[in-house]
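This report walks through a single protein chain, one element at a time. The sequence and the structure are shown first, and the description follows them.

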Amino acid sequence: MSTSSTDSNHVDSDLLTEIAIAYYQDGATQEEISQRFGMSRAKVGRLLRRAREEGVVEITVKYHPVFSEKLEQQLIERFNLKRALVALDQPDDETQRQQVASLVSSYLTATLTDDMVVSVGQGRNIASIASHVGVVPHRKCRFVCGIGGTHRSGNAINADHICRQLAKKYDGISETLYAPAYVEDIVVKEAFMKNGTVKETLDRARRADVALVGVGDMNENSHMVKLGWFTPQEIVEARIRKGVVGDIAGYDFFDSHGKQADTMMSDRVIGLTMEELRHIPTVVVVAAENSKALALLGALRSGVVDVLATSVSNALTILNLDQQMK
């Protein structure tokens with residue numbers, strides 16, 4: 001074993017930490033550190049590398065807002081979007097969700113005008129937009145549920161609850177879709193779809209000016225599985241056998257190329273379909289979680305999305321995946 005290797009192995013963690021602090025925190029040069037600790041500059045370099053490898057030092061790149069703007073422009077050009085809203089990466093999921101929600105809230109404040117109709121989906125990302133604290137001008141818009149409701153434990157992320165919160169926030173009105181989001185039998189679904197009240201609300205949602213929807217990934221621990229809509233096995237089979245990578249608005253499932261996939265999970269949800277969303281002038285898709293990059297790529301390739309709101313990490317992964325999978 002060489003002398004340098006032996007020396008390096010016998011350096012205790014306290015000294016390793018001192019050297020790392022001197023270099024990364026105090027701004028000392030490697031030459032200054034070598035003189036201070038009585039060792040060669042080459043050895044200082046080896047110890048700094050070891051500090052990174054052993055986790056004494058963790059390097060995190062914090063992106064400047066200008067970087068987000070460049071990513072937004074790339075997404076707009078690559079996927080023919082009206083807008084892209086890219087939030088800087090945050091240390092945890094909830095903070096990330098709030099950052100993305102803040103961008104969407106600002107976008108809505110600048111975009112919505114009196115008498116507009118907004119179709120509203122469900123989920124934590126859409127709920128975060130409604131709960132985002134901020135001063136907004138009064139907009140006498142109508143917020144209409146684009147999907148039915150779930151049981152009480154999912155209340156805060158129900159479309160109806162979100163609609164009410166948005167209506168309160170923008171001084172508008174909300175409209176409930178009086179139907180469950182999920183049914184087990186297509187016959188039951190068809191009966192609901194023929195109901196006059198349900199049909200009237202869905203017709204209004206179809207004619208919306210703006211739609212706010214989330215994107216789900218095919219995770220066996222997903223929100224839809226927790227709600228009991230689908231089993232983990234159904235999710236796995238759709239992912240493996242059909243190549244399904246995600247769903248849009250909790251309704252339609254698609255593959256990585258954006259093509260709609262027919263699965264055993266189809267025809268169970270009461271709400272707007274991908275095809276119906278396609279006719280809405282501005283569809284805003286919101287997903288903060290970094291696990292959803294592939295699902296977002298499929299959604300973008302479907303041609304349904306007009307405005308994407310997500311994180312820097314997702315944006316980078318989407319652009320890289322799109323390049324690799326062409």
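## Helix 2 against helix 4

In this predicted model, helix 2 (residues 13-25) and helix 4 (residues 41-53) cross at roughly 100°, and their axes come within 10 Å. Because angles of 65 to 115 degrees count as roughly perpendicular, the two helices, helix 2 and helix 4, are described as roughly perpendicular to each other. On the side of helix 2 the contact involves Leu16, Ile19, Ala20, Tyr23 and Tyr24, and these meet Leu47, Leu48, Arg50, Ala51 and Arg52 in helix 4.

The UniProt record, an unreviewed entry, places the feature "domain: Insertion element IS150 protein InsJ-like helix-turn-helix" at residues 20-56. Over residues 20-56 the chain is 73% helix and 0% strand, with the end C-alpha atoms 8 Å apart.

## Helix 7 against helix 8

Helix 7 (residues 124-131) packs on helix 8 (residues 159-170) at an angle of about 25°, the axes being 8 Å apart. That angle makes helix 7 roughly parallel to helix 8, since angles under 35 degrees count as roughly parallel. The crossing of helix 7 and helix 8 is left-handed, and the contact is made by Ile126, Ala127, Ile129 and Ala130 of helix 7 together with Ile162, Gln165, Leu166 and Lys169 of helix 8.

## Strand 6 and its two partners

Strand 6 and strand 7 form a hairpin with 3 residues between them, and in the turn Ala249 has a positive phi of about 65°.

Helix 12 is followed by Gly243, whose phi is positive, near 70°.

Helix 14 (residues 293-301) is mostly covered, with 7 of its 9 residues buried. The buried residues in helix 14 are Ala293, Ala295, Leu296, Leu297, Gly298, Ala299 and Leu300. As with helix 12, a glycine with positive phi comes after the helix: Gly303 follows helix 14, and its phi is near 85°.

Ala110 has its place in helix 6 (residues 93-111). Its relative accessibility is 69%, and Ala110 therefore counts as exposed, the cut-off for that class being over 50%. Although Ala110 and Pro137 are 27 residues apart in sequence, their C-alpha atoms are 9.2 Å apart in space.

## The chain as a whole

The secondary structure of the protein chain comes to 15 helices and 9 strands. The chain has 326 residues, of which 50% count as buried. Among contacts between residues at least 6 apart in sequence, 70% join residues at least 24 apart.

How values were computed. Residues are numbered from 1 along each chain as its sequence is written. This is a predicted model: local features need pLDDT of at least 70, side-chain atom pairs count only at pLDDT 80 or more; totals for chains, interfaces and linings use all residues. Side-chain values use heavy atoms; hydrogens and water are left out. Two strands pair if DSSP finds at least two bridges between them. Helices (H or I, at least four residues) and strands (E, at least two) are DSSP runs, numbered from the N terminus. UniProt positions are given in the numbering used here, feature names are shortened, and annotations may be inferred rather than shown by experiment. Axes are lines fitted to C-alpha atoms, for helices over the stretch in contact, and angles run from 0 to 180 degrees between N-to-C directions. Angles under 35 degrees count as roughly parallel, over 145 as roughly antiparallel, 65 to 115 as roughly perpendicular and the rest as oblique. A crossing is left-handed if the near helix is turned anticlockwise from the far one by less than a right angle, and right-handed if clockwise. Contact means heavy atoms within 4.5 Å. Buried means under 20% relative accessible area, exposed over 50%, partly exposed in between (1.4 Å probe, protein chains only).
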